[in-house]
Amino acid sequence: MISFGVFETFGAGLLILGFGYLLSKLRIFSVLCLPAAVLGGVFALSVLLLFSHFFELKISFDESLKESFLLAFFASLGLGFSIDFSKKSNFSKNFFIFLGLCAFIMVLQNLLGITIISLFDKQKELGVIAGSISLSGSFGMGAFWSEILKTEPHNITNALDISIACATFGVLFGSVLGAPLGAFLIEKFVLKKENSRFESKEKSPSQKELGKENNLNKALVLFFSKKELKNTIISVLLLAFCVLCASVIKLFISLPAIIFALIFAFMLRVLCYFFGVNLAHKNLALLGNFCLALFLALALMSIDLKALLDIGLPLFVLLCLELVLMLFFVFFITFRVFGRDYEAALLSSAQCGLCLGATPIALANLEKLELRFFSSKSTLAILCLSGVFFIDFINVLVIWLFLSFL
């Protein structure tokens, strides 16, 4: 066993992210819109599995960095939130529709899970574990409900191992399939941002201009620009303050720290808006996206893939069917409910990542699509509010209702 400390883990994350960036330049991965963090993370995960299998060498990474990067990302979202955009009337309607569709897919995940597990004559609770507990809830929800399912009357002693394996499956396929699905919808239906039903009809940049804007050299020049230096320093200090406050409050309140990071950041954003304090929004976005990419790379390479390979046949069959259900749902329901336009494709891709993996997976899918096509503030806001504040609460209610009737 080799344990990496904070600095070694950070260095490994940078190397993996850089290697993933090189892989993303290959035509096959560029067409599929796979994020660099996913490519690098999956590659590192495969290498670590080979080392573990052939050389019996296991490497563990420092877990604290992952949460810090995730907190920094959500804090950047809160600080960069557009006050003017929040006043738009159509936003709330689409937000509630998206929440309703997510709740619907959670119910379908559990119904499918219970049905398939019953055919194999297994405990019906396993269907819920492999349903919305592990897929829409990911690792955190799996750990929470595993403690409950170990006790009477369920008595599933290996509930935690099963939930981790199922969540691993969801994270991997949510990462790999989300962005390619969105790219497929955009290209198949020739969707443009001007066709959006619920975003302002501003002029969209051309692909060439967008490519220049996202060039690494341009980004570095922007970040270290003397003109933006003061605003950048203020923004980074506020970002660090939000991360620190969220980390401290988590010690006293048993809620995900990302909620506090986003709340503090949004409160500071409102104060800056009313007192006329300018923030470096583009620099915040660059820093936040970098933190998200590092989090995703570290999260993927820390997955216990061996646990996924050891999963039983009934659960493996069920997870494959859950994957088919998710793809069917976003293509035939979500995409069409939102009007088969550009934002509908982005929301479909985001929902694939959100309800198979977790909020960071959905955000990574969205970021990759926006880098290749066009950005959408409405989609980002809907996803952040849904994934951070409401999805878990809805999921807990859905899970509780299903377990109550089993």
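So, how many of the 406 residues of the chain count as buried? It's 50%, with buried meaning under 20% relative accessible area, using a 1.4 Å probe and protein chains only.

Quick housekeeping. This is a predicted model, where local features need pLDDT of at least 70, side-chain atom pairs count only at pLDDT 80 or more, and totals for chains, interfaces and linings use all residues. Residues are numbered from 1 along each chain as its sequence is written, and side-chain values use heavy atoms, with hydrogens and water left out.

Okay, the fold. We've got 18 helices and two strands; those are DSSP runs, H or I of at least four residues for helices, E of at least two for strands, numbered from the N terminus.

Let's look at α7, residues 138-149. Its buried residues are Ser 138, Met 141, Gly 142, Trp 145, Ser 146 and Leu 149. They sit on the same side of α7, because they cover an arc of only 135° around the axis, going by directions from the helix axis to the C-beta atoms. The cover over them includes α6, α8 and α18.

Now over to α1, residues 6-24, and α3, residues 36-54: they pack at about 115°, axes 7 Å apart. Axes here are lines fitted to C-alpha atoms over the stretch in contact, and angles run from 0 to 180 degrees between N-to-C directions. So α1 is roughly perpendicular to α3, a label that takes in 65 to 115 degrees. Residues making the contact, meaning heavy atoms within 4.5 Å, include Phe 19 and Tyr 21 of α1, and Leu 39 and Phe 43 of α3.

Notes:
Expected span 1.5 Å × (residues − 1). Parallel < 35°, antiparallel > 145°, perpendicular 65-115°, else oblique.
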